[in-house]
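Let's take a walk through this model and see how its two ligands are held. Have a look at the picture first, then read on.

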Amino acid sequence: MRSSMRRVTTMTFSFLLQSSPPLPPVLPKPLLSHEHRYSLSSILPLLTQRSRLRTLSTKSIPIMQDSTSVSYLSQREAAEIDETLMGPLGFSVDQLMELAGLSVATSVAEVYKPSEYSRVLAICGPGNNGGDGLVAARHLHHFGYKPSICYPKRTPKSLYTGLVTQLESLSVPFVSVDDLPEDLSKDFDVIIDAIFGFSFHGAPRPPFDDIIRRLLSLQKRPVIVSVDIPSGWHVEEGDNEGGGIKPDMLVSLTAPKLCAKRFCGPHHFLGGRFVPPSVAEKYKLELPSYPGTSMCVRIGKPPKVDISAMRVNYVSPELLEDQVESYPILQFRKWFDEAVAAGLRETNAMALSTTNKDRKPSSRMVLLKGFDENGFVWFTNYESKKGSDLSENPFAALLFYWEDMNRQVRIEGAVERISEEESETYYHSRPRGSQIGAIVSKQSSVVSGRHVLYDEYEELTKKYSDGSVIPKPKNWGGFRLKPNLFEFWQGQPSRLHDRLQYSLQEGNPAWIIRRLAP
Ligand SMILES: NC(=O)C1=CN([C@@H]2O[C@H](COP(=O)(O)OP(=O)(O)OC[C@H]3O[C@@H](n4cnc5c(N)ncnc54)[C@H](OP(=O)(O)O)[C@@H]3O)[C@@H](O)[C@H]2O)[C@@H](O)CC1
Ligand SMILES: Cc1cc2nc3c(=O)[nH]c(=O)nc-3n(C[C@H](O)[C@H](O)[C@H](O)COP(=O)(O)O)c2cc1C
Ligand SMILES: Cc1ncc(COP(=O)(O)O)c(C=O)c1O
Ligand SMILES: [K+]
């Protein structure tokens, strides 16, 4: 007998989730470089940051589905806008270049994470496009990348010499064309093509003709990120011969130039969040809005993916029998707190699976609102589909997936309603809008239109605008699942995951811990 449930019940657990107690003990193994490797102690700040990044890329970065709603500029318009910005509108070239370079760096960071794409080569041309590349490289250095610069035709103006000095002070290496490896794929993960921008004309002259030829021969790696114009492309007609470079990412600045219509790589971003309304009006620019505080926005269609090739190789600290708690509720508390401390979003979101009397299963997400030795609690409408399933079959399964931690927890057991008193207390702790929402929603029934819900919602909002108590509907309340089985899953390489199952045998209060094959 490993442990006794009776001993567990002597401990006190809070019913409603409390804020996290102190951080758990340090987990073994150092932080490894791969994106999905993690050791909690060293990665906590990073995890939080990654979750934020993910939030940005999936939520706040809007995707322009219809690329026709973005304006494209001719070469002349692009040059004119530049002059207007730097003339009557009072911008300096340094300022615009700083913003352009920062937009490029943030676009790169949106798609190519430094954990996998750290070695960056910025190839910079003689004009402002080259300057954008120098600025982008500086920001990428500060974002955690390892940039190198190839800058063969330096312009002796103070703006450019200053940018070079800044990079040298960060020990960013400069590589001459002669020292560039013939095969760039061995030494670099990302190439920033900042050779030519919108003032390019004719055919590329040395040494850029040879560099462009080398970019042409590249396969999948390194990826190429072109700043404003894929170098060698005609600014308006694009890659008209079809033999030009094929960048993976294009970061258009201010507004895409006409050649960008021919760009069919997976990532088209827009940067240059500085266009004043007067310029947008004068040139009839249709531009997407930038989300939040972002310096870039994805335009064009999101990339097509091969779903069958989508996979992550999990790398995590081992989950060993002699390291886990004897009581599953304590192990759950530990993992839950670690997930909260790592800044994961909606740590308490769980899939709830039920079956009806015909043994037909159904799943949906609900929010865990408390757990202790008596079970796991959530709230819902008792007359919903899940409510009716549970009245027909009072057994259910819960599932938590904490993606950023490569962790999954399964819990199974019998379900019962919590007391009316507990439900009342929780109901009145919710925002008043949600209380009214619960009255309005005859959950899981067919609604003839959204207005039906909103009309009633508005009516009730007026009715209770005096702040009076909003009565809890009789059919709304909590369920509690009393677990007889837990499984703690920790993702590991080659699908050889750790699975530790805690189970209770009939009539025996002791939890048995067993390792299951992955
Ligand atoms: N508001 C905005 O939009 C902002 C724009 N910004 C950025 O400025 C970029 C435009 O910069 P830009 O005007 O300096 O010209 P760019 O294209 O870098 O190159 C010109 C140089 O290349 C040379 N060159 C030309 N053809 C060549 C050839 N065939 N073979 C060899 N060399 C050739 C040419 O020499 P030339 O032929 O004139 O002697 C000159 O030295 C724009 O795309 C954007 O990235 C941001 O910084 C700020 C905000
Ligand atoms: C993250 C998340 C949390 C949710 N939490 C709850 C909840 O706590 N209670 C609830 O009734 N529905 C919740 N829902 C909505 C349910 O998933 C579901 O749509 C609803 O309960 C109706 O399910 P049913 O028709 O199977 O009963 C949540 C949805 C999501 C995505
Ligand atoms: C329909 C429904 N009911 C209840 C909840 C739980 O919300 P609360 O945290 O306000 O109790 C949710 C959460 O998404 C929900 O969608
Ligand atoms: K370029």
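Which backbone atom lies 2.7 Å from an oxygen atom of ligand 2? A backbone N or O atom of methionine 365 does. That pair is a polar contact, meaning a pair of N or O atoms within 3.5 Å (inside the protein, one must be able to donate a hydrogen and the other to accept it, and residues adjacent in sequence count only if both atoms are side-chain atoms).

Before going further, a word on what you're looking at: this is a predicted model, where local features need pLDDT of at least 70, side-chain atom pairs count only at pLDDT 80 or more, and totals for chains, interfaces and linings use all residues. Residues are numbered from 1 along each chain as its sequence is written, chains are lettered from A and ligands numbered from 1 in the order in which they are written, and side-chain values use heavy atoms, leaving out hydrogens and water.

Back to ligand 2. A polar backbone atom of phenylalanine 379 is 2.8 Å from one of its nitrogen atoms, and a backbone N or O atom of lysine 385 comes in at 3.4 Å from an oxygen atom of ligand 2. On its own, ligand 2 exposes 610 Å², and the protein buries 63% of that (areas by the Shrake-Rupley method with a 1.4 Å probe; for residues, only the protein chains shown count as cover). Two or more shell residues each come from β9 (361-367), β11 (375-381) and α10 (385-392), with β9 giving the most, four residues. Helices (H or I, at least four residues) and strands (E, at least two) are DSSP runs, numbered from the N terminus.

Now over to ligand 1. It's surrounded by 22 residues, and the closest are Asp82, Asp132, Gly197, Ser199 and Asp228; to count, a residue needs a heavy atom within 4 Å. The side chain of aspartate 82 has an N or O atom 2.7 Å from a nitrogen atom of ligand 1. Taken alone, ligand 1 exposes 940 Å², of which the protein buries 83%. Helices α3 (75-86), α4 (93-111) and α5 (128-142) each supply at least two residues of the shell around ligand 1.
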